[in-house]
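Have the structure open while you read.

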Amino acid sequence: MRRRIDLGLLYSRSGSYSLISEACRTGALSAIAEVNADPAFDLSFVPVERDPGGNIDLYGPLCDEILRQSAARHVVGCVTSWSRKEVIPTLERAGGTLWYPVPYEGFEASDHVVYTHACPNQHLLPLMAWTFASFGRRGYLTGSNYIWGWEMNRLARETIMGAGGETLGERYLPMGSVEVARIIEEIRVTRPDFVLNSLIGPSQYAFLAAYAELGRQDPHFRPETCPILSCNLTECELPAIGAAAEGLIAAGPYFRGATGWARPGNFGSSHEAAAHAAFVAKLGDGAIWLKRT
């Protein structure tokens, strides 16, 4: 008789970052199915799902609901740094652990969070060093107006300054805003060597479409001359971006078809791969309290 172990899933299946959430959820559910089908394990995972619907105010209460209304002590979930910080007090009170499988901006260390994706020394800093050598050191910084954008751009500013470069502009948009005209105009006027894109969801999609149009009008803003850089963009969002994705430069620990990931598999994106690893590579190999028979 297999032991049944509850595991929490906390992902928004609607809202401005639903494509990322769905990629993470797919990775987690595929890992659960993999473990449950493996006769080498003496256990089976039972997903306990809650959907905040993109509402930041629901993450804490729904995480609390998972931990109090089930036997789950581990939750895979959250997409934004904002939502991650919302659940940490709940995890601390209940003795739970969050497995966070999306890019991480650093500058936080919690005993109740396992950060399974890359952090700045693994994505932003190598990306900036490559960009300085390939395109130049004059950058323009964009971001959604919350922790991820703020911290990524702060690090980028410091890195540009340390390399003797110049930050020509820095603009933020509220989550979900598609009012990108001012940013595009500032980029057109300042003519940077590159643009660091730390926007998320529809803001990012609108910006990339507008930037692609700018490139059609002025050759300086084409990918081979002034590229868009990103540390949070993966394949799961390409359907929403369409042709404007051509020439984008993204940094991350995994891309579709890459080898050398923690577990074999042709994952759709690094979000999916990291969520899968949170269950299988970590839990399934005994890092917490599971063991093979």
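This is a predicted model: local features need pLDDT of at least 70, side-chain atom pairs count only at pLDDT 80 or more; totals for chains, interfaces and linings use all residues.

Two cavities of 30 Å³ or more turn up in the structure, and the largest pocket comes in at about 230 Å³.

**Helix α4 against helix α5**

- The crossing of α4 past α5 is right-handed.
- On the α4 side, the contact uses Leu124, Leu125, Met128 and Phe132, while α5 brings Met152, Leu155, Ala156, Thr159 and Ile160.
- Sorted by class, this α4–α5 contact has eight nonpolar residues and one polar one, with no charged residues.

**Helix α6 against helix α7**

- Next come α6 (residues 181–190) and α7 (residues 202–217), with axes that come within 10 Å and cross at roughly 35°.
- This crossing is right-handed too.
- From α6, Ile183, Ile184, Ile187 and Arg188 meet Phe207, Ala210, Tyr211 and Leu214 of α7.
- Seven residues of the α6–α7 contact are nonpolar and one is charged, with no polar ones.

**The largest pocket**

- Helix α7 shows up again here: it supplies five residues of the lining, the largest share.
- In total, 15 residues line this pocket, and Ala212, Pro223, Ala243, Ala244 and Glu246 are the ones nearest its centre.
- The lining splits into 10 nonpolar, two polar and three charged residues.

**The cavities**

- The largest cavity has a volume of about 100 Å³.
- Its lining includes Ile20, Val79, Thr80, Ser81, Tyr100 and Val102, along with Tyr146, Trp148, Ile200 and His271.
- Eight of the residues lining the largest cavity are nonpolar and four are polar, with no charged ones.
- The second largest cavity has a volume of about 40 Å³.
- Among the residues lining the second largest cavity are His117, Cys231, Leu233, Thr234, Ala251, Gly252, Tyr254, Phe255 and Ser270.

Conventions:
Residues are numbered from 1 along each chain as its sequence is written. Side-chain values use heavy atoms; hydrogens and water are left out. A crossing is left-handed if the near helix is turned anticlockwise from the far one by less than a right angle, and right-handed if clockwise. Helices (H or I, at least four residues) and strands (E, at least two) are DSSP runs, numbered from the N terminus. Contact means heavy atoms within 4.5 Å. Ala, Val, Leu, Ile, Met, Phe, Trp, Tyr, Cys and Pro count as nonpolar, Asp, Glu, Lys and Arg as charged, and the others, Gly among them, as polar. On a 1 Å grid over the protein atoms alone, a cavity is a set of points where a 1.4 Å probe fits but cannot get out, and a pocket is an open set with protein on both sides within 12 Å along at least five of seven lines; lining residues have an atom within 4 Å of a point. Grid points are joined across faces, edges and corners, and a volume is the space filled by probe spheres set on the points. Axes are lines fitted to C-alpha atoms, for helices over the stretch in contact, and angles run from 0 to 180 degrees between N-to-C directions.
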